[in-house]
Each structure stands twice: as structure tokens, then as C-alpha cells.
Amino acid sequence: MATLDELEQRLYPSDGSDPTPDESCHVYHHSILQLSNNANSTAQLIRAIDVGKQAVGILFKDCHESRTMHWARLAAFAASMVAKRSKYFCEPLSVHVIRDINCLLSHWEPSISTQNVTLDQSACLKNWMLSVFCDARTCPDPRVRVLMLRFLAFYWHHAELDTKAALRTVSGLILNYEALDEETLLPTDRRGEEKGEPGLLYPLMFLLEGLGRHGYLDHMCQAAITQVRRLIPGPETRCLATLVKRTCRSAERIKAMYMMFDIKAPYILESFTGVVKFFGVLVTSQSTVHAYESPGLLKLASDSLVDMISSILEIGPILQLESTTGYADLIGMVNKTLESLALRGDSPKSVWIKVQQDHSHVFPRFTRQTQTMGLSLLFLSPSAGAREASWAEEMEEVPTKYLDSLTQDIMTEPVRLLTSGMTVDHSTIITLLLTSITPFDPFTRLPLCHGSFKSLPRLKRQIREWKNRKHCNREMEEE
């Protein structure tokens with residue numbers, strides 16, 4: 001078996017010439033043999049992975065699909081060898097090995113076919129993969145841990161995860177959600193024609209769809225609903241809140257990148273499309289929709305939707321000039337998401353109802369912006385301004401004690417802040433707890449924690465009775 005030094009010499013001849021395809025292929029296959037050598041140190045393991053990656057890069061430099069597939073084959077084999085090594089050797093595994101294996105998959109996403117890749121489906125590989133993702137002791141660096149999302153998606157692309165493995169995946173997601181920032185989710189900048197790394201958005205979406213389809217997200221969502229009901233947001237609630245907030249922040253980042261740098265329109269459109277699809281998977285999927293209809297999470301979802309649409313429309317005229325069809329397809333994707341939300345409009349706690357209540361004042365602006373480009377956003381009626389005026393007149397008749405002291409909205413679940421004596425809605429408390437690192441009473445700036453507020457069932461009953469009377473009076477007037 002050739003040594004690593006010999007492989008590097010064949011890959012980079014001393015005379016400065018380029019290696020032939022046969023030489024590159026030889027190096028690639030021998031780097032795989034080197035990976036199976038248990039006598040190698042961690043440094044040699046990293047070196048073998050790097051040599052194999054470079055050989056593939058040279059061999060398929062003009063074919064992105066082939067390069068991606070062979071890097072994926074190398075990643076699958078390397079992961080299998082590392083998993084067996086971890087099982088039989090007590091030597092702690094360097095995070096560099098984990099990062100390098102994931103870097104081999106950095107250009108892979110679920111839309112890319114890797115049917116010629118053979119993935120070891122042993123319990124050994126599965127346990128190693130999940131240990132890295134779910135255990136901070138195995139991999140202390142959260143930014144390296146979160147990269148395993150791509151390998152998990154890659155694994156599930158080839159084999160089904162059993163119940164235990166799927167639930168461990170959900171636990172890992174709850175552990176690592178804070179590391180899923182916009183830089184990690186979005187594709188790398190593409191200022192030239194070369195494809196950049198796709199980011200983790202699509203692998204994460206692929207995983208969430210699969211986990212939700214098989215019911216593995218139910219426990220997390222039910223836990224979040226219970227935590228919201230008890231006014232004690234836990235990691236499950238914070239995970240769902242962070243994921244939906246990332247959608248609007250990602251859209252804002254895409255808009256800023258397009259305005260500041262010379263980035264191609266196809267990249268921007270692809271990134272926006274991914275963010276819109278991701279929002280849809282989160283908020284409209286059967287597995288998570290009820291969680292996002294909980295107080296606090298409902299407001300975050302409606303605010304994120306409006307901010308996301310606003311970012312897309314602000315640079316719309318410029319994007320449309322560069323890619324008319326591409327931008328029209330993007331607006332079509334937004335309309336598809338709005339339609340899915342509107343279908344649940346009969347639910348009093350749906351995201352769509354919350355959007356209408358909190359953001360109908362922006363509907364006329366959105367309508368004008370899309371009409372200027374010869375497009376339209378469905379369900380955003382131009383008469384929204386009239387509805388807003390009618391709503392304002394109705395609000396003037398509301399007794400002050402029924403209004404949230406902070407948002408001035410009619411409360412449904414009134415709560416008194418013991419730190420200030422002010423009354424706010426249940427959803428306002430949840431929003432404060434979810435959006436602040438150190439939550440505080442907005443009126444006194446005193447720390448806000450569980451036990452620093454009290455539910456008001458009597459006031460809640462009065463508000464409900466008042467709403468019922470208003471509804472009856474309105475029906476009588478219409479008759």
C-alpha cells in the first residue's frame with residue numbers, strides 16, 4: 001500500500017506538471033486504503049481524507065455532479081472507518097476529523113443523486129453519527145456538531161432511521177439549534193460561476209419533513225405547547241422559536257448581501273426560495289402547525305412571515321430585471337405558502353388570522369409593490385386599509401382594562417406582572433421570555449421569570465363575555 005507521502009508526490013509531481021487522470025484515480029483509491037489502516041494516527045487520518053478529496057477535485061474538476069458524488073463516497077467510507085475505529089480504540093477523536101468528513105459532503109444536498117454511493121448501514125456507524133450530533137462530550141464544538149445534520153440527511157437519503165435513532169436526532173436538534181445561524185443555513189456567496197456550498201437549509205428541511213412525516217416531531221411540539229401553557233418556555237419551545245426567527249433573519253441577510261455585493265441573481269433567488277420553503281415546512285406542516293399556533297410562537301411566526309415577504313419585495317424590481325421568470329416563480333412560492341396558511345384561517349389561533357390582526361396595515365403596500373411588477377400576492381386584499389380603519393373604530397369602544405398594557409391589543413389570556421402590577425396578555429409574556437436573553441419587566445426593568453406573574457381568570461371571563469355580546473350585537477345589526 002502506497003504511503004501518504006508517495007500519494008502526495010504522485011498528486012503534485014516535483015516537475016510542476018499536472019497529474020494524469022490515471023494518477024489521480026490511483027491516488028483516490030489508495031487514499032481509501034489508507035483510511036482503513038487502523039495504525040494511522042489522527043493526523044494521518046486527516047491527511048488521508050485531504051489527499052483523497054484533492055484527488056477527486058483534480059479528477060473531476062470540470063464536472064460538479066461527479067465531483068460531489070465521489071466526495072460523498074469518500075465521506076461514507078471515511079465515516080464508516082472512523083466509526084469502527086471509535087468502537088475499538090479509546091483514543092479521543094479530533095473534531096478536525098469530524099469537520100473534514102462533513103466537508104466532503106459540503107456540496108451535497110438532497111436534490112443531488114448519489115445512488116452509486118454505498119453507505120454502511122451498520123449500528124456502529126449509526127451510533128457514531130448520532131453520538132457526534134447528540135453528545136457534547138463526543139464533539140465539544142457546537143458548530144462542528146451541527147454540521148452532522150448534513151450527514152444525517154445523507155444517511156436518511158440511503159436508509160430509514162429507526163424510532164430510537166430518529167428520536168435521538170430530534171434530541172440533537174434541540175441541543176444544537178442555537179448554532180443554526182444564518183451563515184450556517186444559507187449557501188456561501190456565489191459571485192462567480194463556480195457553485196458555492198449549499199448550506200444546511202435543505203438538509204435540515206429534508207430531515208424535518210421526514211421526522212414530521214413519521215410523527216417523530218410530535219413529542220417536541222407537544223412539549224412546547226405544554227411549556228407555553230405553563231408560561232415556562234423550555235428548550236423545545238426555544239428551538240421552534242429560533243428556527244422560525246431564522247427565516248426572517250436569513251431573508252434580511254440575503255437582501256443585504258444582494259445590495260452590498262456583486263452576487264448573481266440566480267443565487268439570490270435560490271436562497272430566497274429555500275427560505276420560503278423552510279418557513280412553509282416549519283409553520284404549515286401537520287406535525288408542527290399546532291405548536292406554532294401557541295401564544296408567543298404564533299406572534300413570532302406571523303412577524304417572521306411579514307418580514308420575510310418585505311425583504312423579498314424590497315429588492316424585487318432589481319431582481320425582476322435580471323430574472324423575470326425566476327422572480328415570478330419566487331412570488332409563486334410565497335403565494336403557495338400564503339395559501340397553505342389561509343386554509344387554516346378558520347382556526348381562531350392560526351398564523352394567518354394573527355397576520356391579519358397585527359399586520360393588515362402593510363397589505364396595501366405589499367399589493368402596490370407586486371402590482372408595480374405585474375405580479376400579485378394572493379389573499380392580501382387591497383381593501384385591507386378599510387378593514388384596518390374599521391378595526392381602529394372598534395378598538396375605540398374597548399374598555400381599557402381589557403387591553404394589553406404593552407401592545408394595546410385585546411387580551412385573551414390576561415396575566416398580571418407582579419414586578420409592576422401591569423396587565424398583559426399571555427402571549428406577550430411568552431414573547432418576552434423567548435426573545436430576550438435575560439427577560440425583564442418592560443415597565444420596571446426588573447427580572448422576569450416563572451412566578452413573577454399571575455393569571456387572571458376572572459378578567460379572562462369578563463373579556464370573553466364582552467366579546468360574545470359584541471358578536472351578538474353585530475349579528476343583530478346585520479339582520
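Ala179 lies in the loop between helix H9 (163–176) and helix H10 (182–185), where helices are DSSP runs of H or I with at least four residues and strands are DSSP runs of E with at least two, numbered from the N terminus. This is a predicted model, in which local features need pLDDT of at least 70 and side-chain atom pairs count only at pLDDT 80 or more, while totals for chains, interfaces and linings use all residues. Residues are numbered from 1 along each chain as its sequence is written, and side-chain values use heavy atoms, with hydrogens and water left out.

**Surroundings of Ala179**
- Ala179 is buried, with a relative accessible area of 10% (buried means under 20%, exposed over 50%, and partly exposed in between, for a 1.4 Å probe and protein chains only).
- Not counting residues up to four places away in sequence, Ala179 touches Pro142, Arg143, Val146 and Thr184, contact being defined as heavy atoms within 4.5 Å.
- Ala179 and Ala43 are separated by 136 residues in sequence and by 27 Å in space, C-alpha to C-alpha.

**Aromatic rings and a charge**
- There are 4 aromatic pairs, under a rule by which rings of Phe, Tyr and Trp (its six-membered ring) pair if their centres lie within 6.5 Å, with planes under 30 degrees apart counted as stacked, over 60 as edge-to-face and the rest as tilted.
- The rings of Trp108 and Phe154 have centres 5.2 Å apart and planes at 80°, so this pair is edge-to-face.
- The pair links distant parts of the chain, 46 residues apart, with Trp108 in the loop between helix H5 (95–104) and helix H6 (123–134) and Phe154 in helix H8 (residues 148–158).
- Trp108 and Phe154 are both buried, and together with Phe151 they form one aromatic cluster.
- The charged end of Lys53 sits over the ring of Trp71, 5.3 Å from its centre, the criterion being NZ of Lys or CZ of Arg within 6 Å of the ring centre and within 35 degrees of the ring normal.

- An open sheet of 3 strands has the order E2-E1-E3 with antiparallel pairing, two strands being paired if DSSP finds at least two bridges between them.
- Strand E2 (423–425) and strand E3 (453–455) stand at the edges with a single partner strand each, so one side of each is left without a neighbour in the sheet.
- Strand E1 (residues 414–417) pairs with E3 in the antiparallel sense over 3 bridges, and the bridge partner of Arg416 in E3 is Lys454.
- Helix H21 (residues 426–435) lies across E1, E2 and E3 and runs at about 80° to E2, with axes taken as lines fitted to C-alpha atoms, for helices over the stretch in contact, and angles running from 0 to 180 degrees between N-to-C directions.
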